[in-house]
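Student: Can we go through this one together? I'd like to start with the overall fold and then look at the charges.

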Amino acid sequence: PSMGALTSFLFQKSESLVDEESAAAVAATATTDSTIEKADKNLEYYYKVTGKKAALKRERKRAIEAASNQKKSKKVRFSKAAKSEDETDRRGINYEISKNKGLTPRRKKEQRNPRVKHRRKYGKALVHRKSQTRVAA
């Protein structure tokens with residue numbers, strides 16, 4: 001083999017390698033393009049779903065605001081006759097009424113804590129008991 005034939009052989013090999021590399025690059029870009037298209041489709045679906053949820057959320061919020069505005073507009077002073085008609089929309093009872101404790105005196109903190117209360121009571125009973133018995137010497 002002569003030098004010219006060798007260089008032409010190497011040149012042909014390098015061209016085929018370049019062709020293979022470019023084909024691989026084209027294939028890679030094609031797969032990335034298809035991946036990008038899939039990602040775009042997924043994003044479109046995501047935005048579609050989140051858009052629906054956001055729209056539902058906005059609708060719910062508007063409905064709640066409309067209902068509260070209606071209740072505010074109804075809070076006009078009524079006569080006794082009007083009150084009897086609107087008995088279905090009553091206020092609930094409060095804590096004081098539900099517990100029905102009445103008038104109770106203010107208690108010391110020791111009395112409010114049962115563990116401490118009984119501990120003090122036991123200490124007092126020990127002192128009382130010691131005063132009744134003789135101390136063994």
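Tutor: This is a predicted model, where local features need pLDDT of at least 70, side-chain atom pairs count only at pLDDT 80 or more, and totals for chains, interfaces and linings use all residues. Residues are numbered from 1 along each chain as its sequence is written, and side-chain values use heavy atoms, with hydrogens and water left out.

Student: How many helices and strands does the protein chain have?

Tutor: The protein chain has five helices and zero strands. Both are DSSP runs numbered from the N terminus, with helices being H or I of at least four residues and strands E of at least two.

Student: What share of the 137 residues is buried?

Tutor: Buried residues are 1% of the 137 in the protein chain. Buried means under 20% relative accessible area, exposed means over 50%, and partly exposed is in between (1.4 Å probe, protein chains only).

Student: And how many buried residues are there in α5?

Tutor: One of the 19 residues of α5 is buried, so this helix is hardly covered. From first C-alpha to last, α5 reaches 27 Å, close to the 27 Å expected at 1.5 Å a residue. The expected span is 1.5 Å times one less than the number of residues.

Student: Changing topic: how many salt bridges does a search of the whole structure find?

Tutor: The search finds two. A salt bridge here is a side-chain nitrogen of Lys or Arg within 4 Å of a carboxyl oxygen of Asp or Glu.

Student: Which residue does Glu 59 meet?

Tutor: Glu 59 meets Arg 62, at 3.0 Å from N to O. The two are three residues apart in helix α1 (residues 3–74), which means about one helical turn separates them. Glu 59 is partly exposed at 46% relative accessible area, and Arg 62 is partly exposed at 48%.

Student: Which residue forms a salt bridge with Glu 110?

Tutor: Arg 120 does, and the closest N and O atoms are 3.2 Å apart. Because Glu 110 lies in helix α4 (residues 109–112) and Arg 120 in helix α5 (residues 114–132), the pair ties together parts 10 residues apart in sequence. Glu 110 is partly exposed, with a relative accessible area of 36%.

Student: Where is Glu 37, and what gathers with it?

Tutor: Glu 37 is in helix α1. Asp 33, Asp 40 and Glu 44 gather with Glu 37 in a patch of negative charge on the surface. Patch residues have over 30% relative accessible area and no salt bridge, with like charges joined within 9 Å and nonpolar side chains (Val, Leu, Ile, Met, Phe, Trp, Tyr) within 5 Å.

Key
Areas by Shrake-Rupley, 256 points an atom, 1.4 Å probe, with all protein chains shown as cover. Lys, Arg positive; Asp, Glu negative; His and termini not counted. Charge placed at Lys NZ, Arg CZ, Asp CG, Glu CD.
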